[in-house]
Amino acid sequence: MTSLPRRVKSQSKALISEDDELSPFLNSSSESEEEEEEWEPKSKVAKRPQLTKKNVAKPKKPAAPRSGVARKKVKKVAIKEELDVSLPIAPAEDNRVQLLKPKEENVGTELKTLNQMPVVPKKMETNSFQGRNVKSSESDEKPSTSAPIAGNQVKHEKSEEDLAFDEPPFKKIKSTTSPEGKPVKNLGGNKVKEEFEMNWDIVQVLSERTNVETWVCANLIRLFQEENTIPFIARYRKELINNLEADALREVQQTLEELRSVAKKTHTMIQKLKKEGKLSGCLFTALLNCRTFEELDHVSAPYKTGSKGTKAQRAKQLGLEPAALSLLQNPMELNLFSYIRPNVKGLANIQEVEAGVQHILADIFAKDKDTLDFIRKLCQQRYICIQSALAKVSSKNGNEKDIDKFQLYHEFSCNIKNIQHHQILAINRGENLKILTVKVNIPDGVKNEFCWWCVNERWRPKQFLKPELMRILRNSVEDAYKRLIYPLLCREFRSKLTSDAEKESVMMFGRNLRQLLLTSPVRGRTLMGVDPGYKHGCKLAIISPTSQILHTDIVYLHSGQGFREAEKIKRLLQQFNCSTVVIGNGTACRETEAYFADLIMKKYFAPLDVVYCIVSEAGASIYSVSPEASKEMPDLDPNLRSAVSIARRVQDPLAELVKIEPKHIGVGMYQHDVSQTLLKATLDSVVEECVSFVGVDINICSEILLRHIAGLNANRARNIIEWREKNGPFINREQLKEVKGLGPKTFQQCAGFIRFNQEYIKTFCSSKKTQIGSQALLTKAGAQATSEKQGKKKSKPTPSSSQQPNPLDQTCIHPESYNIAMRFLSFIGGNPNDIGKSDMQQKVNAVIQKEGLEETAKRLNTTVHTLQLIIDGLTQPEGFDIRTDFDKPDFKRSIVCFEDLSVGTVLTGKVENATPFGVFVDIGVGKAGLIPVRNITEAKLSKVKKRRSLGLGPGERVEVKVLNVDIPRLRITLDLIRVL
């Protein structure tokens, strides 16, 4: 646990001491507050992480110790207040504090030489990550509050303080663990302190929920707090995140935002209840223990304004609380008959008094953390199933078509541990449409064991209980289970399942989108884009290999004029020497494909060898009427713009698809049922990751593409384009700093993903030198006055004209590593101008084979990850594109009809969409076939091809066998033979 929750705990104890009569309940809840909770629903809300405001932590005096346990806790509070760090720490057996997982080797070696006790390494190590500046005046006063700490320990820490924060050790840390300097130095200098403190450690909970090591979570919290982007962290901070993939980083970021919003909502609720005077000590502790929105709602529901109040609250107002507490603590002296008031409703007779006591006890049981933890653990060991059935109302007056869609779920039952994500989303949709009813079934054995445990162990009275009082206790436990705990468990299970299913759906959409964006571009071809249609004709657009629009037209292929229009198409193809036709997969696609296939079979376009491919036109019509399209193609009719977009999707899929809002690209599952905020955040992040990892040429890329680079936005992209138009092309990365709005942070995030074509820059520089030379000869007369003016005018552009091109700017190496890259080049005897050539590859291979990667990294004082990135940057050929590893579109010359299919037919096709239950493949018959997930095994997947995750994704070419053809329902079931 961090220092933060401990301080809150000490504060809450001070509050609790006011309510001494509740002590057994409170002690039990606070003792077990650090236990892990299993079924935790996750919220839909995904907000951007907030930067915490800088506020100085005030030293809080702990409450007077009540017992040995309390004293031990006070001692820990004191130590941690002095250290004031937020790394996950665990109390060791000897009551000293130690790190859960150390990270930096260098710090460890320094400490060995210093030979200090365990407290000290923790101090140094955490400071190098996320300590705060302990040189403040406040830190000098703190030891006075730490009475239990021995004097020599405090002194040791003070002597280490200077070593940790003086410049030389910093430099040493910087060179060893992070050559770039940024991560470790920044992580050590600033404080990490959550804005809203809770009774749980955010790093620990984050680690539990995401299955990521605690030290990685601690680093990520710091990196996200410093506004680092996911592409930047994934590529340039690998040593701090244990080489995690971008998807895992996104999951950690979303979970972190979720936990922070729970903490924020909790503290808002605490402030509100304090204002209304409803905040008691036990409620304060219960609120600070909440880790999910469901738990928070459960605890705070009775206190919300407008609520009539629970049965327990009404009983408390009648003054029955002392009776309920007495039943547990001192039953021998309890006389329920003394509470009877004949004229008061609720106290009129003994039955009403007993019912009131029962409600208060049930409320105490249902809000006790130990009790809830026990029932959750019990549920984990038992068979809990979710059941769905056809709703009675829908079977009478529902739409037959809609009801048939949910046929699988009319009588459905499945263990919650085994249920699939798509099944949960289908059940939820059916329930929302009032077609299905859903319930969670918890077996009676759970209830019986829970009731026995409560009566005999957890809430066992301290003295002998009369039979009538024992009956009240048993009834209270049963009432708590049936009325309060069971509904809470059902909500938690459903919420957890839905949250996980939504996240999986969003992640699947993100994976599909990434695969689609990284489809290999088809360069160097003139393409004809065809947007098919019946009545309004097929729109044609011919584009050059550089994406320039050469010609647009409309042909009417499906209104009896097909033969006459064929002449026009042939003339256009021959005029522009175009042999590739790209057909959109919308209305009339099938007929248009048959038309072209027929002409190709007859060799109508000879001598051209024409091929065609089908491409998804999802989002093309939305884009064609967007402001971006109007700005890009102002003189073109919107219908013709979509044909241009279809052709460009094959030529450079990434550059074209970023113009369309990701959710309109249509490669998801249940995307309308999931949290739209989470979906948008994830998809935007995937687009940013793809554009960044592919990289953009700063001197030719569009503004739309540029705004998706890590660290940039619409305004900064516009400023870069304006600078380029005003001052000519960028010569090197350093010039980006001259652009308005690009500060050091933005430069750090975007610089590594921006490329410079060296040939183009060299040509530009040489032509500029000749221009400057001729200008100097012409302006000799009137030199003084003119030179002054020119000096003033040229004060901004002069740096750019004098700046030299840097060969490293064409690589993926970050400017912060240029120094190491140059040292590596001199070490291998390489020349920066040979980057990407075979000569460079040979020199690098020779040195690495001889020295080894780790030894070379040590010699250069850097990490293996950074060195590997430098080697990749130096050896990749000029113009290297990571998309070449991915699939190109499937070009065809003939067509197959739905009726031609028979069981056992072997076909090739292209993956259209991937879902958790299977993969849809376009096999060229107008309807995609489904390969069920059980037919996709690891053995059938290509070993050679780089894949980001197990399973297939959009764009991959596969060989399949037809297993079943259902013509009435237009369904084709396929088996995967192999990936091509």
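Me: How much accessible surface does the protein have, and what share belongs to carbon and sulfur atoms?
Reply: The total is about 45300 Å², with 52% of that area on carbon and sulfur atoms. Areas come from the Shrake-Rupley method with a 1.4 Å probe, and for residues only the protein chains shown count as cover. The model is predicted: local features need pLDDT of at least 70, side-chain atom pairs count only at pLDDT 80 or more, and totals for chains, interfaces and linings use all residues. Residues are numbered from 1 along each chain as its sequence is written, and side-chain values use heavy atoms, with hydrogens and water left out.

Me: Why is Cys701 called buried?
Reply: Buried means under 20% relative accessible area, exposed over 50%, and partly exposed in between (1.4 Å probe, protein chains only). Cys701 has 7%, so it counts as buried. Of the 980 residues of the protein, 54% are in the buried class.

Me: What does Cys701 touch, and where is its place?
Reply: Leaving out residues up to four places away in sequence, Cys701 touches Val696, Leu706, Ile721 and Arg724; a contact means heavy atoms within 4.5 Å. Cys701 sits in the loop between strand S11 (696–697) and helix H32 (703–706). Its C-alpha atom is 9.1 Å from that of Ile721, 20 residues apart along the chain.

Me: How many helices and strands make up the secondary structure?
Reply: The protein has 41 helices and 17 strands. Both are DSSP runs, numbered from the N terminus: helices are H or I with at least four residues, strands E with at least two.

Me: Which values describe how helix H19 and helix H23 cross?
Reply: Two packed helices are described by the angle between their axes and the distance between the axes. For H19 (residues 369–381) and H23 (residues 444–458), the axes come within 11 Å and cross at roughly 145°. Axes are lines fitted to C-alpha atoms, for helices over the stretch in contact, and angles run from 0 to 180 degrees between N-to-C directions.

Me: What residues make the contact between H19 and H23?
Reply: H19 contributes Asp370, Thr371, Phe374, Ile375, Leu378 and Cys379, and H23 contributes Val446, Glu449, Phe450, Trp453, Cys454 and Arg458. By class this gives eight nonpolar, one polar and three charged residues. Ala, Val, Leu, Ile, Met, Phe, Trp, Tyr, Cys and Pro count as nonpolar, Asp, Glu, Lys and Arg as charged, and the others, Gly among them, as polar.

Me: What makes strand S8 and strand S10 stand at the edges?
Reply: The open sheet has five strands in the order S8-S7-S6-S9-S10, with mixed pairing. Two strands pair if DSSP finds at least two bridges between them. S8 (549–555) and S10 (611–615) each have a single partner strand, so one side of each is left without a neighbour in the sheet.

Me: How many bridges join strand S7 to S8?
Reply: Six bridges join S7 (residues 538–543) to S8, and the two run antiparallel. In one of these, Cys538 has Val555 of S8 as its bridge partner.
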